[in-house]
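Biologist: I would like a close look at one part of this chain, the salt bridges and the charged residues around them. Please set that part against the chain as a whole.

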Amino acid sequence: MVAVSNEQVRQLSSDLVVLSARLVREVRRNTSDLPAASTRLMSLLDELGPSTVSALAQADRCSQPTMTGIVNGLVAKGWAQRTPHPGDARSSLVSMTADGRRKLAAVRRRNAALVAERIEGSGHSPEELATAVAVLSDLLEEGTEC
């Protein structure tokens, strides 16, 4: 195994963040018929479960009015729903509907197909892909915000 300096780890870490963000943008440009904000919200709901608009806005780092607009769009399409918050009568919880889960699954299948096509043409092995996925998974499971 080759020794890597702290500076190399920092540079590779920076490259990982930049390149993973570029990959996400490229995939979204080429596969999704949804606005990026809608896809992000559906992914957040999948990750967090039923949440308040305030919590979703905080998680997405946007304003509450912006998140309200995105939520309204998903509700209008039947992909999300609002239900009364059991602990706060002034607020509601937003959750994905079955149609929303199906839509998100379809978007993810299209995303996966595009990435798989690129990987197949890249010369990288399934083992290399598995290592990349394992590293990203481990980083996300640590629970620290990046």
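Modeller: What follows goes from the overall layout to the salt bridges, and then to a few other residues. The model is predicted. Six helices and two strands make up its secondary structure, and in sequence order they run α-α-α-α-β-β-α-α. Along the principal axes, the C-alpha atoms of the chain fill a box of roughly 60 × 35 × 20 Å. Of the 146 residues, 24% are buried. Taking contacts between residues at least 6 apart in sequence, 48% join residues at least 24 apart. The chain has an accessible surface of about 10,000 Å², and carbon and sulfur atoms account for 57% of that surface.

Now the charges. The chain carries 17 positive and 17 negative side chains, and 10 Å separates the centres of the two sets. Side chains of opposite charge can pair when their charged atoms come close. In the whole structure, seven salt bridges are found; three of these pairs are described here.

Arginine 29 forms a salt bridge with glutamate 26, with 2.9 Å between the closest N and O atoms. Arginine 29 has 58% relative accessibility and so counts as exposed, the cut-off being over 50%. Glutamate 26, at 22%, counts as partly exposed.

Another pair is aspartate 60 with arginine 40, whose side chains meet in a salt bridge at 2.9 Å, N to O. This pair links distant parts of the chain: aspartate 60 belongs to helix H3 (residues 53–60) and arginine 40 to helix H2 (residues 36–48), with the partners 20 residues apart. Aspartate 60 has a relative accessible area of 15% and is therefore buried, since buried means under 20%. Arginine 40 is partly exposed at 31% relative accessibility.

The remaining pair is in helix H5, where arginine 102 and aspartate 99 lie three residues apart, about one turn of the helix. Their side chains meet in a salt bridge, 2.2 Å from N to O. Arginine 102 is exposed, with a relative accessible area of 53%, while aspartate 99 is partly exposed at 41%. Salt bridges with shared partners also join Glu26, Arg29 and Arg118 into one network.

With 16% relative accessibility, lysine 103 falls under the 20% limit and so counts as buried. Leaving out residues up to four places away in sequence, lysine 103 touches Asp33, Leu34, Met42, Trp79 and Arg110. Glutamate 120 is also placed in helix H5, but with 66% relative accessibility it counts as exposed. From C-alpha to C-alpha, glutamate 120 is 26 Å from leucine 34, and the two are 86 residues apart in sequence.

Away from the charges, there is a nonpolar patch on the surface. Leu16, Val135, Leu136 and Leu139 form this patch, and together they have about 290 Å² of accessible area. Helix H6 (residues 126–141) supplies the largest share of the patch, three residues. Leucine 136 lies in helix H6 and is partly exposed, with a relative accessible area of 37%.

Technical notes. Residues are numbered from 1 along each chain as its sequence is written. This is a predicted model: local features need pLDDT of at least 70, side-chain atom pairs count only at pLDDT 80 or more; totals for chains, interfaces and linings use all residues. Side-chain values use heavy atoms; hydrogens and water are left out. Helices (H or I, at least four residues) and strands (E, at least two) are DSSP runs, numbered from the N terminus. Buried means under 20% relative accessible area, exposed over 50%, partly exposed in between (1.4 Å probe, protein chains only). Contact means heavy atoms within 4.5 Å. Accessible areas come from the Shrake-Rupley method with a 1.4 Å probe; for residues, only the protein chains shown count as cover. Lys and Arg count as positive and Asp and Glu as negative; His and the chain ends are not counted. The place of a charge is taken as NZ of Lys, CZ of Arg, CG of Asp or CD of Glu. Patches are made of residues with over 30% relative accessible area and no salt bridge: like charges are joined within 9 Å, nonpolar side chains (Val, Leu, Ile, Met, Phe, Trp, Tyr) within 5 Å. A salt bridge is a side-chain nitrogen of Lys or Arg within 4 Å of a carboxyl oxygen of Asp or Glu.
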